[in-house]
Amino acid sequence: MNRNTMKRVFSALGTVASVGAVGLLVYSSSAAREPFTKQELADQEKALLAAVDHGRDLWHGSLPSMSTNGLACGNCHPDAAASNPHTFPKYQADLGRVISLRDMINWCITVPQGGKALDVNSADMIAMEAYAFYLYRGTKIAPGLATEQTPPVVVEGGVGYSKKGSGVGYDRESTGENR
Ligand code: HEC
């Protein structure tokens, strides 16, 4: 094959490729997804609410590995209070870096609750996030500011509430120790 023939072959290949690309464009636009049907939307919402519901259970102590001191998230963050999912990612002073909500959830599992961290990609972790975000829906997303961190609300009684302070944050203050 001489140079000229090769040039012709390449230019022919180029034409084939561009025709292919245009074809793909036409194909993909003609194959645009139809709007979800009412049934599909209902199924999707049902799946989301099932995750929120599972998150609610986990948040209130349904998974024993998440705690070794009888505390559940709901004791300090009733109804996901003061969990502020809308402020993540942000710089977390205790960890000294910018973290995601799931990192913070694992911090609270391992530190105030002395439990075993969840796999960050597990259905349980997704459910934990689904619960927090669902209760904060409509809140403006405002990632980043540590100053927006609000202290947790400690519930003084209820299922799973430990009489002994965990020694963290407000809980430490409520046991009379200094921070
Ligand atoms: C004993 C009380 C206590 C329990 C139980 C607890 N937390 Fe926390 N939580 C805290 C404290 C204290 C902070 C603030 C930590 C800080 O700022 O360094 C906090 C902060 C958070 C934040 C970040 C809030 C913000 O504004 O940045 C999230 C999210 C969170 N907790 C989720 C959870 C989840 C999920 C659980 C259950 C697995 C849980 N917490 C259990 C005390 C608790």
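Start with alanine 82: with 15 C-beta neighbours inside 10 Å, alanine 82 counts as partly exposed. The label goes by how many other C-beta atoms, placed from the backbone, lie within 10 Å of a residue's own: 20 or more is buried, 12 or fewer is exposed, and in between is partly exposed. Alanine 82 sits in the loop between α3 and β1, and its phi is positive, about 55°, although it is not a glycine.

Before you go on, a word on what you are looking at. This is a predicted model, in which local features need pLDDT of at least 70 and side-chain atom pairs count only at pLDDT 80 or more, while totals for chains, interfaces and linings use all residues. Residues are numbered from 1 along each chain as its sequence is written.

**Stay in the loop**

Select aspartate 79, which is in the loop between α3 and β1 too. Its phi is near 50°, a positive value in a residue other than glycine. Aspartate 79 is partly exposed, having 13 other C-beta atoms within 10 Å.

Now click on serine 83, in the loop between α3 and β1. Is serine 83 buried or exposed? It counts as buried, with 26 C-beta neighbours inside 10 Å. Leaving aside neighbours within four places in sequence, serine 83 is in contact with His77 and Ala132; contact here means that the C-beta atoms, placed from the backbone, lie within 7 Å.

One more stop in the loop between α3 and β1 is proline 89. The peptide bond leading from phenylalanine 88 to proline 89 is cis, with omega near -5°.

**Zoom out**

Switch to a cartoon view of the whole chain. It has 6 helices and 2 strands, running α-α-α-β-β-α-α-α from the N terminus on. These elements are DSSP runs numbered from the N terminus: helices are H or I with at least four residues, strands are E with at least two. Of the 179 residues, 21% count as buried. Among contacts between residues at least 6 apart in sequence, 65% join residues at least 24 apart.

**Where two helices cross**

Select α2 (residues 38–59) and α5 (residues 123–135). Their axes come within 7 Å and cross at roughly 95°, which makes α2 roughly perpendicular to α5. Axes are lines fitted to C-alpha atoms, for helices over the stretch in contact, and angles run from 0 to 180 degrees between N-to-C directions. Under 35 degrees counts as roughly parallel, over 145 as roughly antiparallel, 65 to 115 as roughly perpendicular and the rest as oblique.

To see the contact, show side chains including Leu48, Val52 and Trp59 of α2 and Ile126, Met128 and Tyr131 of α5. The residues of this contact divide into 11 nonpolar, 2 polar and 2 charged. Here Ala, Val, Leu, Ile, Met, Phe, Trp, Tyr, Cys and Pro count as nonpolar, Asp, Glu, Lys and Arg as charged, and the others, Gly among them, as polar.

**Into the core**

Keep tryptophan 59 selected. Not counting residues up to four places away in sequence, it touches Ala72, Cys73, Gly74, Ala80, Met128 and Tyr131. Which residues touch the most other members of the largest nonpolar core? Trp59, Ile105, Met128 and Tyr131 do, in a core of 21 residues. α2, α3 (73–76), α4 (101–110) and α5 each supply at least two of its residues, and the largest share, 6 residues, comes from α5. A nonpolar core is a set of buried Ala, Val, Leu, Ile, Met, Phe, Trp, Tyr and Cys residues joined through C-beta atoms within 7 Å.

**Over to α4**

In α4, pick out Leu101, Met104, Ile105, Asn106, Cys108 and Ile109, which are buried. What covers the buried residues of α4 includes α3, β1 (90–92), β2 (97–99) and α5.

The axes of α4 and α5 come within 10 Å and cross at roughly 105°, so the two helices are roughly perpendicular to each other. Leu101, Arg102 and Ile105 in α4 meet Met125, Met128, Glu129 and Ala132 in α5.

**Last stop: confidence**

Colour by pLDDT, the predictor's confidence in each residue, from 0 to 100. The chain's mean is 77, and 64% of its residues reach 70 or more. Finish at residues 159–179, where pLDDT stays under 50.

Notes:
Two residues are in contact if their C-beta atoms, placed from the backbone, lie within 7 Å.
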